[in-house]
2 protein chains.
Amino acid sequence: MATPVYSGATRTPQRGRPRDASRDEALRRAALEVMAEVGYRALTMDAVAARARAGKATIYRRWESKLDLVIDTCAQLASQNLAQPDTGSLEGDLRESLRSFAAFLSGPIGKAAQALVGELPHEPELAVAFRETFLIAQREVLRQVLDRAHGRGELREGAPRSMAVELAGAALTYRLMLTGEPLDEAFVERVVEQVLLPLVAKGQ
Amino acid sequence: MATPVYSGATRTPQRGRPRDASRDEALRRAALEVMAEVGYRALTMDAVAARARAGKATIYRRWESKLDLVIDTCAQLASQNLAQPDTGSLEGDLRESLRSFAAFLSGPIGKAAQALVGELPHEPELAVAFRETFLIAQREVLRQVLDRAHGRGELREGAPRSMAVELAGAALTYRLMLTGEPLDEAFVERVVEQVLLPLVAKGQ
């Protein structure tokens with residue numbers, strides 16, 4: 001599992017109550033839905049509470065602000081949903097991790113992330129937290145794929161690993177957020193075959 | 001100059017008045033500023049009029065809706081500010097066109113475009129128009145760079161031209177909108193040297 005770096009989003013439960021994990025999940029799902037619909041700025045704890053049919057106090061016992069709630073939601077989803085494949089080959093690992101990232105972005109998290117992006121310039125704390133959870137989780141997966149490939153001798157000398165990691169994220173989010181072209185298996189295949197393998201694999 | 005495809009954003013002046021180009025420019029600049037501050041959804045013609053110290057009627061004589069105003073602004077800026085270099089070499093043209101696009105994105109248009117992105121899923125007309133002006137203008141510049149390089153015999157056989165065009169846009173907007181890492185000359189240089197030339201140039 002990818003380990004997000006951001007750690008400010010959870011709150012120690014007060015009054016000795018045990019956390020109800022399924023309740024937390026329902027609240028995070030509600031937060032995602034509301035964010036995808038109205039964006040970060042217009043999201044309120046009231047709207048999330050109403051969507052989840054919970055009391056506002058329940059939310060505030062768990063997250064101290066909407067920033068905490070949104071970031072914890074992104075971090076949790078990234079760590080639960082990004083595959084960390086280890087197929088034994090660079091090509092297999094690239095394909096699996098990009099497929100997983102494309103599927104992740106195509107779901108509710110993609111819509112919510114897109115709604116967040118417009119707010120990042122106005123919300124410095126959100127921007128830092130978004131980068132440290134959502135973006136870093138995906139980068140870490142690919143960085144490890146390339147490190148293992150390097151260990152197996154599959155990379156060519158001087159392969160631009162950081163650039164390859166960045167490009168993979170860029171190519172997928174550009175389709176999701178800007179061009180609206182399909183983020184499907186055929187596209188993942190082209191990114192792997194036409195871009196990533198030629199850039200980093202030995203003998204290409 | 002890049003020629004945007006979208007043509008619905010201008011309005012024939014009514015009552016035989018000649019257009020005042022500098023007034024139009026001031027209104028577009030005001031629209032950009034307001035959009036960068038509050039986003040597309042919260043932008044009103046009133047706010048743009050107030051910013052430009054113009055009457056609302058002046059705006060409505062020129063653009064029939066805020067969609068028209070915003071899209072015309074994006075199209076105009078893209079056609080005025082994206083260089084269409086013809087240095088005689090693939091490497092020179094790639095470097096110049098990416099530098100120009102990076103500078104374009106780093107200015108006020110970048111902030112406004114970022115504010116638009118979060119709204120695209122909710123505003124289908126805006127999404128179509130944004131893609132047909134802002135995105136296509138930049139793609140067209142690069143496509144022509146690659147076509148000329150092909151004519152000079154500088155591309156390798158089977159070079160993935162569409163993918164190279166898409167990646168260039170993706171790499172730059174990803175930094176601008178998501179990672180917040182610098183969109184500077186050093187980065188443009190890395191994209192040209194580590195990605196675009198290796199993917200498409202002969203003998204790389």
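A salt bridge here is a side-chain nitrogen of Lys or Arg within 4 Å of a carboxyl oxygen of Asp or Glu. The legends below describe a predicted model.

View 1. A:Glu91 and A:Arg95 pair through their side chains, with N to O at 3.0 Å. That distance falls within the 4 Å cut-off. The two residues sit four apart in H5 (residues 90–106), so about one helical turn separates them. A:Glu91 is partly exposed at 33% relative accessibility, whereas A:Arg95 is buried at 16%. A:Arg99 is partly exposed, with a relative accessible area of 30%. A:Glu96 is partly exposed too, at 32%. Over all chains, the structure holds 42 salt bridges.

**View 2. The interface of chain A and chain B.** A rotation of 180°, with 0.0 Å of shift along its axis, superposes chain B on chain A at an RMSD of 0.0 Å. The two copies are therefore related as by a two-fold rotation axis. Each side contributes to the contact: 39 residues from chain B and 39 residues from chain A. Of the interface residues of chain B, 100% are also interface residues in chain A, so the copies meet through the same surface. Between them the chains bury about 3200 Å², with 61% of it on carbon and sulfur atoms. B:Met163, B:Tyr174 and B:Leu178 supply 21% of the area that chain B buries against chain A, more than any other three residues.

**View 3. Charged pairs across the interface.** Four salt bridges cross between chain B and chain A. One of them links B:Arg175 to A:Glu166, with the closest N and O atoms 2.7 Å apart. B:Arg175 lies in helix H8 (residues 161–179) of chain B and A:Glu166 in helix H8 (residues 161–179) of chain A, so this pair joins two chains. Both B:Arg175 and A:Glu166 are buried. A:Arg175 and B:Glu166 also meet in a salt bridge, at 2.7 Å from N to O.

**View 4. Helix H2 of chain A and its cover.** The UniProt annotation "domain: HTH tetR-type" (unreviewed entry) covers residues 21–81 of chain A. This span is 87% helix and 0% strand, with its end C-alpha atoms 17 Å apart. UniProt also places a "DNA-binding region" (unreviewed entry) at residues 44–63. There the chain is 75% helix and 0% strand, and the end C-alpha atoms are 13 Å apart. In H2 (residues 45–52), A:Met45, A:Val48, A:Ala49 and A:Ala52 are buried. They cover an arc of only 100° around the axis, which puts them on the same side of H2(A). Their cover includes helices H1 (21–42), H3 (56–62) and H4 (66–81) of chain A. Just after H2(A), A:Arg53 takes a positive phi of about 50°.

View 5. A:Arg28 lies in helix H1 of chain A and is buried at 7% relative accessibility. Beyond residues up to four places away in sequence, A:Arg28 touches A:Arg62, A:Trp63, A:Asp72, A:Thr73 and A:Gln76. A:Arg148 belongs to helix H7 (residues 124–151) of chain A. A:Arg148 is partly exposed, with a relative accessible area of 24%. Leaving aside neighbours within four places in sequence, A:Arg148 contacts A:Pro85, A:Asp86 and A:Asp93. The C-alpha atoms of A:Arg148 and A:Phe134 are separated by 22 Å, with the residues 14 apart along the chain.

Note on methods
Residues numbered from 1 in each chain as written. Chains lettered and ligands numbered in written order. Predicted model: local features only at pLDDT ≥ 70, side-chain atom pairs only at ≥ 80, totals over all residues. Heavy atoms only, no water. UniProt positions renumbered as here; feature names shortened; annotations may be inferred. Least-squares fit on C-alpha atoms with pLDDT ≥ 70 in both. Contact = heavy atoms within 4.5 Å. Buried < 20%, exposed > 50% of the residue type's maximum accessible area, 1.4 Å probe, protein only. Arc of directions from axis to C-beta. Buried area = accessible area lost by both parts, 1.4 Å probe.
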